[in-house]
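This briefing sets out how the two chains of the complex are built and how they meet. Please read it alongside the sequence and the coordinates.

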Amino acid sequence: MSCRALTALITSLLLTASAAANDAPALKAGVFSPARQAPDFSLQGSDGRELKLSRYRGKVVVVGFGFTSCPDVCPTTLATLAAARRELGAAAADVQVVYVTVDYERDVPERMKKYLSAFDTTFVGGSGSAAQLAAVRKDYGISAEKKQYGDSYTYAHSSFTYLIDRGGRIRALMPYGHSPDDYAHDLAILLKE
Amino acid sequence: MRPRTLVLAVLAGGGVAALMWTGFAPITSPSRDELFEIPKGTWARRMSGDKVDILPNRIRLTLGLRDTLVLRNLDDVPQIFGPTLMMPGQSFRLPFEKASEYQFACTAHASGQMTIVVEPNPATPWAKIRWRVRGLIHNIG
């Protein structure tokens, strides 16, 4: 193939890729470009197994961070995700919600299981040591600050979730407060890829 | 009519015309993106003790005109930028569809929070005047 023909072929491929990217339906969530591979981790799963993100390769994964004693953000987010899965119907079988705790002291796997099951029995929680959880938070750019209140404490933590595609790439960040419809909309797009 | 009166009449007419235009002319925006970039070398500057502020604590957006936050990391190292971690060369585009005040945890700010205020599309003449005046002040400042 001549140099000119090769240049024409590459240009044509780039233009096709660019057109495809422009035609892609817009997500409601914030989109990363280029998408990076989601860092894998190894935690204690609330289902009694080792929780590795790579275990869900081939599914669309929603990863959130929080804690079971959270009074507002976490229950709202989890209820929203459960409603979004219901909206998706049968397609939801290919959506996995993973909720990683920021509270290593209280959120043992059994507690995570009981808490998450109240929203959706398919949700899987991740627990671990302080160091393990801090490493995961660092990889995902998550903030979590412990705030003492008398004998008890709470956490101020990042409230968004990540949407990870079937290939294990972090495609988007859904800020707190979006509706089940918005999640279902974006998950449906990622599921079709 | 005396020349002085004529000048005043022209000025008053011009002022009224400008006010009418400001309040009634449709507002358009060449881009809906509000872009913030981390320039190359930011990490090195921070390491050498420079205080580098890129994102303000409070960002104002307007639905339909400038309602998409775009963050871009042009530095050579990963950076926490706004609400998220961004790899070198990566960009993040976050559209807003509802007027509201959005809070994001942001370790880059001393307050630990970043607020994005999304205002409704200026539909009334008064809202258009306010929007244009604020834009003018922003551009001058």
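Two strands are said to pair if DSSP finds at least two bridges between them. Helices (H or I, at least four residues) and strands (E, at least two) are DSSP runs, numbered from the N terminus. The model is predicted, so local features need pLDDT of at least 70 and side-chain atom pairs count only at pLDDT 80 or more, whereas totals for chains, interfaces and linings use all residues. Residues are numbered from 1 along each chain as its sequence is written, and chains are lettered from A and ligands numbered from 1 in the order in which they are written.

**Confidence**

- The predictor assigns the complex an ipTM of 0.82 and a pTM of 0.84.
- Within chain B, confidence is highest in strand β6 (residues 91–95) of chain B, at a mean of 96, and lowest in helix α3 (residues 125–140) of chain B, at 84.

**Contact between the chains**

- Chain A contributes 16 residues to the contact and chain B contributes 13 residues; two residues are in contact if their C-beta atoms, placed from the backbone, lie within 7 Å.
- On the side of chain B that touches chain A, the elements giving two or more residues are β5 (84–86), β6 and β7 (100–105) of chain B.
- With four residues, β6(B) gives the most to that side.
- By class, the side of chain B that touches chain A has eight nonpolar, four polar and one charged residues. Here Ala, Val, Leu, Ile, Met, Phe, Trp, Tyr, Cys and Pro count as nonpolar, Asp, Glu, Lys and Arg as charged, and the others, Gly among them, as polar.
- Strand β1 (residues 30–37) of chain A pairs with β6(B) in the antiparallel sense, over three bridges.
- B:Phe92 in β6(B) is the bridge partner of A:Phe32.
- Strand β1 of chain A also holds A:Pro34, and the peptide bond from A:Ser33 to A:Pro34 is cis, with omega near -5°.

**Chain B overall**

- Chain B has three helices and eight strands, and its elements follow the order α-β-α-β-β-β-β-β-β-β-α from the N terminus on.
- The radius of gyration of chain B, taken over C-alpha atoms, is 21 Å, well over the 14 Å that the globule rule (2.2 Å times the number of residues to the power 0.38) gives for 141 residues, so chain B is more spread out than a compact globule.
- The C-alpha trace of chain B spans about 70 × 35 × 25 Å along its principal axes.
- Of the 141 residues in chain B, 19% are buried; a residue is buried if 20 or more other C-beta atoms lie within 10 Å of its own, exposed if 12 or fewer, and partly exposed in between, with C-beta atoms placed from the backbone.
- In chain B, 59% of the contacts between residues at least 6 apart in sequence join residues at least 24 apart.

- Chain A has five helices and ten strands, and buried residues make up 42% of its 193 residues.
- In chain A, 70% of the contacts between residues at least 6 apart in sequence join residues at least 24 apart.
- The largest nonpolar core has 68 residues, and those that touch the most other members are A:Val61, A:Leu78, A:Val100, A:Leu163, A:Ile164 and A:Leu187. Such a core is a set of buried Ala, Val, Leu, Ile, Met, Phe, Trp, Tyr and Cys residues joined through C-beta atoms within 7 Å.
- Helix α2 (residues 73–88) of chain A gives the most to this core, with seven residues.
- Neighbours within four places in sequence aside, the contacts of A:Ile164 include A:Ala38, A:Val60, A:Val61 and A:Arg169.

- Strand β2 (residues 42–45) of chain A runs antiparallel to β6(A) and is joined to it by two bridges; A:Gly45 stands opposite A:Gly126.
- Strand β5 (residues 95–101) of chain A runs parallel to β6(A), with three bridges between them; A:Val100 has A:Gly126 as its bridge partner.
- A:Met112, in helix α3 (residues 109–117) of chain A, counts as buried because it has 27 C-beta neighbours inside 10 Å.
- Not counting residues up to four places away in sequence, A:Met112 touches residues including A:Gly125 and A:Ser127.

Terms used:
pLDDT is the predictor's confidence in each residue, from 0 to 100.
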